[in-house]
Amino acid sequence: MKKAAAAIILSAFAVSASGCVKSSESAETSAKVYISETSAAEIYSDTQITIEKPKQNPAINTADTDTALDSEETTESDSPETIPDYDNSDLTEQNDPESYITPIAEELYYSGLKIYFELFCGCPYDLDYSNGTADGYYPISNPEITSVSDIYSYYKTAFSDSSELESSAKYKDIDGKAYCRDSARGADSFYQGTDLIYVDGNETEVIFSAVSHYENTETGEQKNDITNRFVISMQDGNWKISEFHLPK
């Protein structure tokens with residue numbers, strides 16, 4: 001089958017920061033979420049994240065228009081909203097499974113990128129900085145966040161499970177209230193976008209090559225592309241991300 005690239009054009013996360021490093025407390029899990037090692041340059045928690053949403057496809061459920069996907073720009077000052085599940089029929093019943101599944105994968109990639117960056121590379125919630133702990137955790141003030149399980153549920157709107165987020169220990173319940181360890185790290189590379197290239201798939205799992213592009217926007221110097229696997233799996237009737245590498 002002829003392979004075709006499906007472009008997801010995303011702007012750089014920030015002027016001088018486009019990724020985050022994995023917490024030293026993180027562990028590889030069944031969700032297989034990976035991030036590239038980066039420099040230790042600090043970025044502020046109020047850094048704006050600007051990501052251009054890919055074109056919508058009729059195969060994706062978009063009934064809920066009041067979702068995080070409708071925003072062209074997100075900031076860490078607002079609590080994230082949940083995104084819709086991705087309804088899907090049997091992939092093997094499609095005449096052209098590559099053309100059918102690629103737009104769904106594009107939408108999931110965008111959603112996963114947004115959610116992962118929000119939750120791992122900063123803190124998208126309002127924090128009470130007057131009541132922090134000695135090890136850098138601050139209580140979350142958003143009334144809709146009653147415990148860390150609410151945060152894990154948001155993460156699982158795009159990912160197959162929340163084990164990577166849980167093992168990072170970035171969020172924890174203390175005395176019956178959700179806390180966040182407010183920290184973020186940046187990279188020197190400038191992320192420009194990712195092309196998804198269909199590799200193989202069946203009714204339970206589809207594999208793509210995610211080719212990410214980088215450019216130093218100050219000098220115009222093109223960086224080498226970085227290619228990683230991107231895998232989505234069928235879970236309870238919906239496609240979810242089971243392997244994801246955060247662009248550096």
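Predicted model: local features only at pLDDT ≥ 70, side-chain atom pairs only at ≥ 80, totals over all residues.

Residues are numbered from 1 along each chain as its sequence is written, and side-chain values use heavy atoms, with hydrogens and water left out.

Let's start with helix 1, residues 97–120. Helices here are DSSP runs of H or I with at least four residues, strands are runs of E with at least two, and both are numbered from the N terminus. Helix 1 has 24 residues and spans 33 Å from first C-alpha to last, close to the expected 34 Å; that expectation is 1.5 Å times one less than the number of residues. Helix 1 is also mostly covered, with 23 of its 24 residues buried. Buried means under 20% relative accessible area, exposed means over 50%, and partly exposed is in between, using a 1.4 Å probe and protein chains only.

Which way does helix 1 run against helix 2? The angle between helix 1 and helix 2 (residues 148–155) is about 150°, and their axes lie 10 Å apart. That makes the two helices roughly antiparallel. On this scale, angles under 35 degrees are roughly parallel, over 145 roughly antiparallel, 65 to 115 roughly perpendicular, and the rest oblique. The axes are lines fitted to C-alpha atoms, for helices over the stretch in contact, and angles run from 0 to 180 degrees between N-to-C directions. On the helix 1 side, the contact uses Lys114, Ile115, Tyr116, Glu118, Leu119 and Phe120, and helix 2 supplies Ile151, Tyr154 and Tyr155. Contact means heavy atoms within 4.5 Å. By class, that gives seven nonpolar, no polar and two charged residues. Ala, Val, Leu, Ile, Met, Phe, Trp, Tyr, Cys and Pro count as nonpolar, Asp, Glu, Lys and Arg as charged, and the others, Gly among them, as polar.

Three of them form an open antiparallel sheet in the order 6-8-7, where pairing takes at least two DSSP bridges between two strands. Strand 6 (137–139) and strand 7 are at the edges with a single partner strand each, so one side of each has no neighbour in the sheet. The twist averages 40° from one strand to the next. Three bridges join strand 6 to strand 8, and Pro139 sits opposite Tyr179 of strand 8. Helix 2 packs on this sheet, touching strand 7 and strand 8, and its direction makes about 155° with that of strand 7. Strand 7 and strand 8 are joined by four bridges, and Tyr171 has Cys180 in strand 8 as its bridge partner.

The hairpin of strand 7 and strand 8 has two residues between the strands, and Asp175 there takes a positive phi near 55°. At 80% relative accessibility, Asp175 counts as exposed. Ala169, in the loop between helix 3 (163–168) and strand 7 (171–174), also has a positive phi, near 60°. Ala169 counts as partly exposed because its relative accessibility is 21%.

One last stop: is Tyr125 buried or exposed? Tyr125, in the loop between helix 1 and strand 6, counts as buried at 5% relative accessibility. Tyr125 and Ser141 are 16 residues apart in sequence and 7.4 Å apart in space, C-alpha to C-alpha.
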